[in-house]
Amino acid sequence: MVRNVIKLSSFFLLLNFGGYAQNDWQEGFIVENSGDSIAGLIDYRSPKSNSNLCYFKKNKHDVVKTYSPKEIKGYVYINGKHYVSKIINIKDFDRTVFLEYLVKGKADVYYLGDDNKYYLEKDNSYIY
């Protein structure tokens, strides 16, 4: 009986520790809708999370500010990924998301981590 209580207690203790996620703050900057850039730290998260929100703070002691794709033009990790705010049609519904900017050329290529899809933009229209 005591052994079962110890096992059960250990299980719940380990379960509690697994609930805390680590942040991965990387240098970068956000681009405001006005076009101004603000340097700081951006939390590097999963592709799905990065396509919906940007977690930003000006320095490691600052309060975290969360930006949606409607609030900023995009954000960039220094020596890393570049996200831009775009309105795309998903299942006949227009949605504003952050697309990862992969290739700039005659046609631009983007990736949406939320749907795990690639988008090709040419002449202001998207193909996926």
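Visitor: What pLDDT does the protein chain average?

Guide: The protein chain averages 85, and 82% of the residues score at least 70. The term pLDDT stands for the predictor's confidence in each residue, from 0 to 100. This is a predicted model, in which local features need pLDDT of at least 70 and side-chain atom pairs count only at 80 or more, while totals for chains, interfaces and linings use all residues. Residues are numbered from 1 along each chain as its sequence is written, and side-chain values use heavy atoms, with hydrogens and water left out.

Visitor: What makes E8 and E9 a pair?

Guide: Strands are DSSP runs of E with at least two residues, numbered from the N terminus. Two of them pair if DSSP finds at least two bridges between them. Strand E8 (residues 108–112) and strand E9 (residues 117–122) run antiparallel and are joined by 5 bridges, so they qualify. Leu112 stands opposite Lys117 in E9. The two strands form a hairpin with 4 residues between them, and Asn116 in the turn has a positive phi of about 55°.

Visitor: Which residue in the turn between E9 and E10 has a positive phi?

Guide: That is Asp123, with a phi of about 55°, in a hairpin with 2 residues between the strands. E9 and E10 (residues 125–127) pair in the antiparallel sense over 3 bridges, and Lys122 has Ser125 in E10 as its bridge partner.

Visitor: Why is Val103 called partly exposed?

Guide: Buried means under 20% relative accessible area, exposed over 50%, and partly exposed in between (1.4 Å probe, protein chains only). Val103 has 42%, so it falls in between. Val103 lies in strand E7 (residues 93–103).

Visitor: What makes both faces of strand E3 count as covered?

Guide: Cys54 and Phe56 on one side, and Tyr55 and Lys57 on the other, are all buried. In a regular strand the side chains alternate between the two faces of the sheet. E3 (residues 54–57) pairs with strand E2 (residues 37–43) in the antiparallel sense over 2 bridges, where Ile42 stands opposite Phe56. Another 3 bridges join E3 to strand E4 (residues 65–67), also antiparallel, and here Cys54 stands opposite Tyr67.
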